[in-house]
Amino acid sequence: LLPGRRANLLHRPRLVDFLHEHIERKLLLVSASAGYGKTSLLIDFAHDTALPVCWYSLDASDADPKTFFEYLLASLCRQFPNFGSRTLSLLSDPAILRDIEVVVGTLVTEIHETIPGYFVLILEDFHAVEDSDEINHIVDTLLRLLPETAHLILASRTLPSKLTLTR
């Protein structure tokens, strides 16, 4: 769920404007130590943008690929209610999770076919799953295949060391 904007939220217009100015990029990385306001900044941006924002707050249990995909689909379905039925049906077969490329490919195909315009996907607290090779592979594949209409923002306490960010 997209967190609500609190009345006492510190507004940082320069950083919000920076996100707006660079949102056309496929990936924006917001990285800072705990307490520096990453979440507050992204909440402010999410409530300020006209683009649909899909929000996924990660925790350690999301390091499981099936869980990750299910909650990723749920975050997309909050903004796009008719999205994800084919990808979700794939997840009912435990063997399919051995082939991440098939699941991500189906997800991306559904994005192309179902989501008509530009949108933002925020993965908050990526550091909670950054040690999972499977999740890094999923995110890497998403970054490679996502259409230009999809924009990913990763928020993390650390720089993701297992993602291929050079692309």
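Trainee: How many bridges join β2 to β3?

Mentor: Two strands count as paired if DSSP finds at least two bridges between them. In this predicted model, five bridges join β2 to β3, and the two strands run parallel. Strands (E, at least two residues) and helices (H or I, at least four residues) are DSSP runs, numbered from the N terminus.

Trainee: Which residue in β3 is the bridge partner of Val53, and which stands opposite Tyr56?

Mentor: Val53 has Val120 as its bridge partner in β3, while Tyr56 stands opposite Leu123 in β3.

Trainee: What is the order of the strands in the open sheet, and which are the edge strands?

Mentor: The open sheet has four strands in the order β1-β4-β3-β2, with parallel pairing. Its edge strands are β1 (27-31) and β2 (53-57), each of which pairs on one side only. From one strand to the next, the twist averages 15°.

Trainee: Is β2 largely enclosed or open?

Mentor: Buried means under 20% relative accessible area, exposed means over 50%, and partly exposed lies in between (1.4 Å probe, protein chains only). Four of the five residues of β2 are buried, so β2 is largely enclosed by the rest of the structure.

Trainee: How are two packed helices described?

Mentor: Two packed helices are described by the angle between their axes and the distance between the axes. The axes are lines fitted to C-alpha atoms, for helices over the stretch in contact, and angles run from 0 to 180 degrees between N-to-C directions. Helix α5 (residues 100-114) and helix α6 (residues 133-145) pack at an angle of about 40°, with their axes 10 Å apart. Angles under 35 degrees count as roughly parallel, over 145 as roughly antiparallel, 65 to 115 as roughly perpendicular and the rest as oblique; α5 and α6 are therefore oblique to each other.

Trainee: Which residues make the contact of α5 and α6?

Mentor: Contact means heavy atoms within 4.5 Å. On α5 the contact is made by Ile100, Glu101, Val104, Leu107 and Val108, and on α6 by His137, Ile138, Thr141, Leu142, Arg144 and Leu145.

Trainee: Where is Ile100 placed, and is Ile100 buried or exposed?

Mentor: Ile100 is in helix α5 and counts as buried, at 8% relative accessibility. Not counting residues up to four places away in sequence, Ile100 touches Pro65, Phe69, His137 and Ile138. Ile100 and Glu134 are 34 residues apart in sequence and 8.0 Å apart in space, C-alpha to C-alpha.

Trainee: At what angle do the axes of α3 and α6 cross?

Mentor: The axes of helix α3 (residues 65-79) and α6 cross at roughly 40° and come within 9 Å. Pro65, Phe68, Phe69 and Leu72 in α3 meet Glu134, Ile135, Ile138, Val139 and Leu142 in α6.

Trainee: What is the phi of Asp125?

Mentor: Most residues other than glycine have a negative phi. Asp125 has a positive phi of about 65° although it is not a glycine. Asp125 lies in the loop between β3 (119-124) and α6, and is partly exposed, with a relative accessible area of 22%.

Methods
Residues are numbered from 1 along each chain as its sequence is written. This is a predicted model: local features need pLDDT of at least 70, side-chain atom pairs count only at pLDDT 80 or more; totals for chains, interfaces and linings use all residues. Side-chain values use heavy atoms; hydrogens and water are left out.
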